[in-house]
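Keep the picture in view as you read.

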Amino acid sequence: MAHVIDREEWAVRSDHWKGELQGGAYGSNSCLIFNYLPDVGGGPRLHSHPYAEIFIIRQGTGLFTLGDKEIEASAGQIVIVPPHTPHKFTNLGPGPLETTDIHENGTFITKWLE
């Protein structure tokens, strides 16, 4: 069965791509996070997942910590994090950082490390 999911069902705000969706409820083996980080330094704490996560950078530049490596990624790039890899990212600025994050699981499973 196909599903059309209205923005009001996943978005935190109607004026930014910010929110999340757990696709398992719709028969999908993926979850989505739409991040909109307007402030330099904003981003999630160090964490890991038992599945891969894919980051599509839509706007801005982020500093990604992936295990013991740090990389900068900017609009148009894609970062793929393997399962069980500690990771986090922050907005380097000067403007907002906007990402679409794809979790390869129907529900979020997150182990917070910080």
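Sorted by class, the residues lining the largest pocket are six nonpolar, five polar and three charged. Here Ala, Val, Leu, Ile, Met, Phe, Trp, Tyr, Cys and Pro count as nonpolar, Asp, Glu, Lys and Arg as charged, and the others, Gly among them, as polar. This is a predicted model, in which local features need pLDDT of at least 70 and side-chain atom pairs count only at pLDDT 80 or more, while totals for chains, interfaces and linings use all residues. Residues are numbered from 1 along each chain as its sequence is written, and side-chain values use heavy atoms, with hydrogens and water left out.

What is a pocket here? On a 1 Å grid over the protein atoms alone, a pocket is an open set of points where a 1.4 Å probe fits, with protein on both sides within 12 Å along at least five of seven lines; lining residues have an atom within 4 Å of a point. The largest pocket is lined by 14 residues, and Ile-33, Pro-44, His-47, His-103 and Trp-112 lie nearest its centre. Strand E2 (31–37), strand E4 (53–59) and strand E9 (97–103) are the elements that each give two or more residues to this lining. The volume of the largest pocket is about 190 Å³, where volume is the space filled by probe spheres set on the grid points, which are joined across faces, edges and corners.

Now step back to the whole protein. It has zero helices and 10 strands; helices (H or I, at least four residues) and strands (E, at least two) are DSSP runs, numbered from the N terminus. The C-alpha atoms fill a box of roughly 40 × 35 × 25 Å, taken along the principal axes. For 114 residues, a compact globule would have a radius of gyration near 13 Å, and the 14 Å of this protein agrees with that. The radius is taken over C-alpha atoms, and the globule rule is 2.2 Å times the number of residues to the power 0.38.

Of the 114 residues, 38% are buried. Buried means under 20% relative accessible area, exposed over 50%, and partly exposed in between (1.4 Å probe, protein chains only). Contacts are another way to read the fold: heavy atoms within 4.5 Å make a contact. Among contacts with a separation of 6 or more, 65% join residues 24 or more positions apart.

Let us visit some strand residues. Ile-33, found in strand E2, is buried because its relative accessible area is 18%. Beyond its neighbours within four places in sequence, Ile-33 is in contact with Gly-19, Glu-20, Thr-99, Thr-100, Asp-101, His-103 and Phe-108. Leaving out residues up to four places away, Thr-100 touches Ile-33, Phe-34, Ile-54, Phe-55, Ile-56 and Arg-58.

The loops come next. Asn-29 sits in the loop between strand E1 (19–22) and E2, and it is exposed because its relative accessible area is 57%. Apart from residues up to four places away, Asn-29 touches His-103, Glu-104, Asn-105 and Gly-106. Pro-86 belongs to the loop between strand E7 (78–81) and strand E8 (87–91), and with a relative accessible area of 28% it is partly exposed. The C-alpha atoms of Pro-86 and Asp-68 are 18 residues apart along the chain and separated by 8.5 Å.

Finally, look at the backbone. Most residues other than glycine have a negative phi, and most peptide bonds are trans. His-84 has a positive phi of about 65° although it is not a glycine. His-84 lies in the loop between E7 and E8 and is exposed, with a relative accessible area of 58%. A cis peptide bond, with omega about 10°, joins Gly-93 and Pro-94, and Pro-94 is in the loop between E8 and E9.
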